[in-house]
Amino acid sequence: MSTKKVTIQVTGSGILQDDVIMLGEGVLKALKIPSGRPLQLQFGSYRREVTVIPVPRYDGLRLNQTVASKTGLVPRSVLRVSYRASSHTLRLGPYISVMVSQDYPDQPDRPFGSITMFCQELVHACRKQGAYVSFFTPEDIGAVTGYMKGWVYDEGWKKTVLPIADVVNNRLTSRKLENKPSVQHFMKEVKSLYGTHTFNEKFLDKNEVFDALKSIPTLKRVLPESHLLKASSMLKTMCQRYPVIFLKPVRGSLGKGIIRVSRQTDGSYLTLATSVGGTRKQTYASLDKLYASMSGKMKTTRYQIQQGLTLIDNSGRPVDFRALVQKNKTGKWSVTSIVARIAGGSHYVSNLARGGSLSTVKEAVSKTQLSSGAKASAYAGLHTAALDIAKGIESAIPAHFGELGIDLALDTNGRVWLLEVNSKPSKNDNTPLSESKIRPSVKAMLEYSTYLAGF
């Protein structure tokens, strides 16, 4: 389907009637749109019968103020327009909505807290590429009648009433919010009523990921042995099999609550647990005593027990890697970036939230004891594993994902291992932005949304 980019202009209600739009003559010719006859104007869930008036030497689209307010479109928005002759439909888009956890209406410059810069960058990218974006929270969802509240940018952030979008990117960072009946109902309803595509529609838990990927023969090589911890017998079996094991909250994030268990020469077991102040050490005479100490936590938290790995380090600080894998403009998985994360001095997890630092893959592996051959092939191995894991998640877990944060590690022989998959990769304000440069991750998200919307 061919499309043309147009700039939206809004005229006063007295100048242009509600059921008339003005469109550049070049756009009409390029898309073979008939002038002077009624058409269906469509923007997201908004529909209206309009007549098109051609305007010579003009490449934009003019709407009446009343129509603009019903679409939520702001002046000088740049959109793509397509025409479907079979249904006489003139479609504007793509229209994307991002569902975020919280907004702060009393902070007009930072209405989305730490992800405001990401949201601003997405607005800029949409204007550059030809798309429209709005942002909303679960509190903005009402009874689905084709409209909802949301934020748009027009020389400043403003909240307004908007149609339902072509595509919804679920950026909720709380399982509790995501599981609210209103949110679940909304995602089902907009899909069935308006054909809206929602991606990253659910959180993943660690056990779900490893259990799903175990069924894929080509991925067995990258999976450390992992099980859901249900009984002390499982703890004993794994600790007999491996000198070090990890206990990870199935629904944890940012390295919270991870416990490292290592067998000591005297038969006791040393645990290191991540905490707010650093790591907490404790020694247990037996695994029975260790398991008993966890019984209270296990009433509220499910744990994954996982094989410990002998990973590369940088001057004693563990190194792992975060691959951002996204769907691209043709709907295929593509690796957007891979960065190395080096743990902070007092931690054995590498999260930036716990004092870790970022580095390129090449720089990080150059400072390790890996062989020269393993150093040379590290990036390619991580890249291949990340792509294979994303495809595996898609084939084995029944949900729609458009981007995944895949945490990988290299052992001292250069073998790649999967640590974790995150379906809500961070968008916090930790990357310098500029008006002229759009990050590849934002560009990829916009291109995939455009593909989903059919533009």
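Predicted model: local features only at pLDDT ≥ 70, side-chain atom pairs only at ≥ 80, totals over all residues.
**Exercise 1.** Find which kind of side-chain contact joins Asp154 and Arg76.

*Solution.* The side chains of Asp154 and Arg76 form a salt bridge, at 3.3 Å from N to O. The rule here asks for a side-chain nitrogen of Lys or Arg within 4 Å of a carboxyl oxygen of Asp or Glu. Numbering runs from 1 along each chain as its sequence is written, and side-chain values use heavy atoms, leaving out hydrogens and water.

**Exercise 2.** Work out how domain 1 and domain 2 touch, and how much area they bury.

*Solution.* 
- Start with the bounds: domain 1 covers 3-93 and domain 2 covers 95-199, as given by an automatic or database domain assignment.
- Next, count contacts (heavy atoms within 4.5 Å): 19 residues of domain 1 meet 21 residues of domain 2.
- Now the area lost on putting the two parts together (1.4 Å probe, summed over both): about 1,500 Å², with 49% on carbon and sulfur atoms.
- Ser45, Val74 and Val78 supply 31% of what domain 1 buries against domain 2, more than any other three residues.

**Exercise 3.** Count the salt bridges across this interface, then sort the domain 1 side by residue class.

*Solution.* 
- The rule finds three salt bridges between domain 1 and domain 2.
- On the domain 1 side, the touching residues split into seven nonpolar, seven polar and five charged. Asp, Glu, Lys and Arg count as charged, and Gly is among the polar ones.
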